[in-house]
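The following exercises are to be worked through with the sequence and the 3D structure at hand. Each task is followed by a solution in steps.

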Amino acid sequence: MTAFAFCPRDGTKLVPTPIDGRERPACPRCGFADFLHVQIGANTIVQQDGRVLLVRLNYGPRSGRWALPGGLVEQDETPEEAAVRETEEETGFRVEIEGLLATMRRAPAPIIVVTFRARIVSGELRIAPEEVSEAAFFPGDELPPLEEIAWPSTIHGLDAWRAFERARP
Ligand SMILES: [Zn+2]
């Protein structure tokens, strides 16, 4: 990941500046400092009768593999809002966030993926065919094989869900 050479706010040339224990390119004019540039992915674990909702991707190099409902957070959204919006777009279900389940940094692309537990409040299964070919609920012990899972963050989120469920009284 290449650092910025110029301030993305005002175009001033950045100068190396010690901040939080590291030399970082920083803007002498506005104070911008070059930390991690990151995209945020927001996923949901949607449960029904002990089963989890997965979608089969229909685009890109991971086409045909299973993922949690979700997508990248837009500039004007919170991660929770993005997770709710993407889940409804991809599956037809309107969901409500119940809590944060897991976070993961997906390397090398700097993407932080956050996975929320969510419950269905309305809607019915209706996929967005340009993004998803199929959506289905899977029991925790009958998930698709690893080679059919789209992302390391999908595996991470599903592992966190199973650990969370096991710990419940
Ligand atoms: Zn600046």
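**Exercise 1. Overall architecture**

What percentage of the 169 residues in the protein is made up of buried residues? Determine also the secondary-structure content, the order of the elements, the domain division and the span of the trace.

*Solution.* 
Step 1. The model is a predicted one. Buried residues account for 40% of the 169 residues; the cut-off for this class is a relative accessible area under 20%.
Step 2. Counting the elements gives two helices and nine strands. Read along the sequence, they follow the pattern β-β-β-β-β-β-α-β-β-β-α.
Step 3. The chain is divided into domain 1 (1–36) and domain 2 (39–167). The centres of domain 1 and domain 2, taken over C-alpha atoms, are separated by 34 Å.
Step 4. Along the principal axes, the C-alpha trace spans about 55 × 35 × 30 Å.

**Exercise 2. A phenylalanine in a loop**

Locate Phe32, classify Phe32 as buried or exposed, and relate its position to that of Pro8.

*Solution.* 
Step 1. Phe32 belongs to the loop that runs between strand S2 (22–26) and strand S3 (39–48).
Step 2. The relative accessibility of Phe32 is 13%, and Phe32 therefore counts as buried, the limit being under 20%.
Step 3. In sequence, Phe32 and Pro8 are 24 residues apart; in space, their C-alpha atoms are 8.3 Å apart.

**Exercise 3. Salt bridges between strands**

How many salt bridges does the structure hold? For the pairs Arg56–Glu134 and Glu96–Arg119, state the N-to-O distance, the elements involved and the accessibility of each partner.

*Solution.* 
Step 1. The structure holds eight salt bridges.
Step 2. One of them joins Arg56 to Glu134, with the closest N and O atoms 3.0 Å apart. Because Arg56 lies in strand S4 (residues 51–57) and Glu134 in strand S9 (residues 132–139), this pair ties together parts that are 78 residues apart in sequence.
Step 3. Both partners are partly exposed: Arg56 has a relative accessibility of 24%, and Glu134 has one of 34%.
Step 4. The side chains of Glu96 and Arg119 meet in a salt bridge with an N-to-O distance of 3.1 Å. Glu96 is in strand S7 (residues 93–106) and Arg119 in strand S8 (residues 111–123), so the pair ties together parts 23 residues apart in sequence.
Step 5. Glu96 is partly exposed, with a relative accessible area of 39%; Arg119 is likewise partly exposed, at 37%.

**Exercise 4. Backbone geometry in loops**

Which peptide bond is cis, with omega near -5°? Examine also the phi angles of Asp20 and Asp49.

*Solution.* 
Step 1. The cis peptide bond runs from Ala107 to Pro108, with omega near -5°. Pro108 is in the loop between S7 and S8.
Step 2. Asp20 has a positive phi of about 50°, although Asp20 is not a glycine. Asp20 occupies the loop between strand S1 (15–19) and S2.
Step 3. Asp49 is another residue other than glycine with a positive phi, near 50°. Asp49 is found in the loop between S3 and S4.
Step 4. Exposed residues have over 50% relative accessible area. Asp20, with 64%, is therefore exposed, and Asp49, at 70%, also counts as exposed.

Definitions and conventions:
Residues are numbered from 1 along each chain as its sequence is written. This is a predicted model: local features need pLDDT of at least 70, side-chain atom pairs count only at pLDDT 80 or more; totals for chains, interfaces and linings use all residues. Side-chain values use heavy atoms; hydrogens and water are left out. A salt bridge is a side-chain nitrogen of Lys or Arg within 4 Å of a carboxyl oxygen of Asp or Glu. Helices (H or I, at least four residues) and strands (E, at least two) are DSSP runs, numbered from the N terminus. Buried means under 20% relative accessible area, exposed over 50%, partly exposed in between (1.4 Å probe, protein chains only). Domain bounds come from an automatic or database domain assignment.
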